[in-house]
Amino acid sequence: MTGMFTLHEDPRSGNCYKIRLTAALLDFRLELKRYDIMAGETRTPEFLGNVNPSGRIPVLQINGTDGIRYLPESNAACCYLADGSHLIPDDRFARADMLRWMFFEQYSHEPNVATLRFWLHFVGEPQLSPHQKTQIMPKRIAGCEALAVMNRHLETRDWFVGDCATLADIALFAYTHVAEDGGFVLDEYPAVLSWIDRMRALPDFVPMD
Ligand SMILES: N[C@@H](CCC(=O)N[C@@H](CS)C(=O)NCC(=O)O)C(=O)O
């Protein structure tokens, strides 16, 4: 029997891991439907037509009594799962501040830290296009800047917002803790390393793989 939630995912993706970690911390069960993005499995007419027109995972499928709905975008799916839970602050400013870090993650962090991991760890530098090769250095610089911003913030606090883990921490943890796959040196960000340890110590934490 189909459960309440199905996650369309590739297990190598940090964006997908955010949703698995959110679900684990809230004790939700997810059914997993696996895709190989390197083999173009999210670009089939069926996937584009039924699941996500942008051809990307993750997509959270919500199996309601009134039908099936699909929610792409990792951070939107995390918000859906965590609605009303301790992973989203009650306070209005804190809630917006959590979103601020999630937007930062998508704009300043993921396009640099996650993309370099994908290119260098999974695709391999020799296989990159000439244009991608020119983007390695700018992405390295921008990724280091994002990690430095995180490090400065965490020098004086344990969590990104308030005094416990929120979706902001989950969103930023996903690709930060594997940033070394993309050639980043986490030892240069000691406050980030301590925060990674705190994340791993959360009750019901699950690792990426
Ligand atoms: N902003 C999206 C990014 C989704 C995304 O880039 N997904 C990648 C894997 S992490 C993907 O599906 N790539 C396959 C493709 O583009 O064909 C999110 O946060 O969910």
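Trainee: What makes the pair Lys18 and Glu105 a salt bridge?

Mentor: The closest N and O atoms of Lys18 and Glu105 are 3.0 Å apart, and a salt bridge is defined as a side-chain nitrogen of Lys or Arg within 4 Å of a carboxyl oxygen of Asp or Glu, so the pair of Lys18 and Glu105 is called a salt bridge. This is a predicted model, in which local features need pLDDT of at least 70 and side-chain atom pairs count only at pLDDT 80 or more, while totals for chains, interfaces and linings use all residues. Residues are numbered from 1 along each chain as its sequence is written, and side-chain values use heavy atoms, with hydrogens and water left out.

Trainee: Into which domains is the protein chain divided?

Mentor: The protein chain is divided into domain 1 (5-82) and domain 2 (92-200), with bounds that come from an automatic or database domain assignment. The contact, meaning heavy atoms within 4.5 Å, takes 17 residues from domain 1 and 17 residues from domain 2.

Trainee: How much area do domain 1 and domain 2 bury between them?

Mentor: Domain 1 and domain 2 bury about 1,300 Å², 69% of it on carbon and sulfur atoms; buried area is the accessible area (1.4 Å probe) that two parts lose on being put together, summed over both. Across the interface of domain 1 and domain 2 the rule finds 1 salt bridge.

Trainee: Which element gives the most to the side of domain 1 that touches domain 2?

Mentor: The elements that give two or more residues to that side of domain 1 are helix H1 (14-25) and helix H3 (74-82), and H1 gives the most, with 7 residues. Helices (H or I, at least four residues) and strands (E, at least two) are DSSP runs, numbered from the N terminus.

Trainee: Why does the salt bridge of Glu9 and Arg20 tie together separate parts of the sequence?

Mentor: The side chains of Glu9 and Arg20 meet at 2.8 Å, N to O. Glu9 lies in strand S1 (residues 5-9) and Arg20 in helix H1, so the pair ties together parts that are 11 residues apart in sequence.

Trainee: Which residues come nearest to the ligand?

Mentor: Of the 13 residues around the ligand, Arg43, Ile57, Glu73, Ser74 and Gln106 come nearest, where a residue is near a molecule if one of its heavy atoms lies within 4 Å of it. A polar side-chain atom of Ser74 lies 2.6 Å from an oxygen atom of the ligand, and a polar side-chain atom of Arg43 lies 2.7 Å from an oxygen atom of the ligand.

Technical notes
A polar contact is a pair of N or O atoms within 3.5 Å; within protein, one must be able to donate a hydrogen and the other to accept it, and residues adjacent in sequence count only if both atoms are side-chain atoms.
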